[in-house]
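Thank you for coming, everyone. Please take a moment to look at the chain on the screen before I walk you through a pocket and some salt bridges.

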Amino acid sequence: MLKLFISKSVELDAKELTVLAILNGLFSNKQDYLTISISGIAYNLTKRWIDIRNKDRRLYNNIKSAIQSLADRKIIKILDQSGDNYIISNEGLEINTEKEKFTVVELWEMQKIFLDSNKPFNVFVFFVNLIGTINNKTKEWHMSQDDMAALWGASKRTVNDYLEQLENMGLIYVYRHRKRRANGTYQKLNN
């Protein structure tokens, strides 16, 4: 399975983070550059070829604007371009796992989100943030929805919606504690 390494040291928006994750997963340190197209990135996101004339136009435009934004911010370096085809330098694509904090997700997880979510870019970033807080040894995580909303700049309603979507996709499991106090009321615990 293809693993995507996502650096925690660079502040990225949802589209930039998603495209950079794909580029990171596809690049090879055996070559000095990566040859890719917008359609190729979209295929890796969705496991299907997109139709930019109809329903996939927004996805296409989001990928294109993310590539341009990453280049403008000097996070990636475009060596050559012909239309929607790019040759991108490997500079900036590799994560130094010895020196940087990072999160690892698998390509199939990203594809599941892009196939089943109503806001795939935002849900993917939420998923990356969530996975980045999970204890690697116990595979557990404890954080209230209020804390997630404050930390990741979302409303509690959005957090709840994204958790529900990820749970329905089978990417996370949310344990909902129903322990009663002695007086019969429920004790409030984190998810």
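Helix H5 gives three residues to the lining of the largest pocket, the largest share, where helices (H or I, at least four residues) are DSSP runs numbered from the N terminus, as are strands (E, at least two). This is a predicted model, in which local features need pLDDT of at least 70 and side-chain atom pairs pLDDT 80 or more, while totals for chains, interfaces and linings use all residues. Residues are numbered from 1 along each chain as its sequence is written, and side-chain values use heavy atoms, without hydrogens or water.

A pocket here is an open set of points on a 1 Å grid over the protein atoms alone, where a 1.4 Å probe fits, with protein on both sides within 12 Å along at least five of seven lines, and lining residues have an atom within 4 Å of a point. The largest one has a volume of about 360 Å³, volume being the space filled by probe spheres set on the points, which are joined across faces, edges and corners. Of its 15 lining residues, Val10, Glu11, Leu17, Val125 and Asn129 are the closest to its centre.

Turning to salt bridges (a side-chain nitrogen of Lys or Arg within 4 Å of a carboxyl oxygen of Asp or Glu), the count comes to seven. One of them joins Glu106 to Lys3, with the closest N and O atoms 3.2 Å apart, and this pair links distant parts of the chain, strand S5 and strand S1, 103 residues apart. Lys112 and Asp116, by contrast, both lie in helix H4, four residues apart, and their side chains meet at 2.8 Å, N to O.
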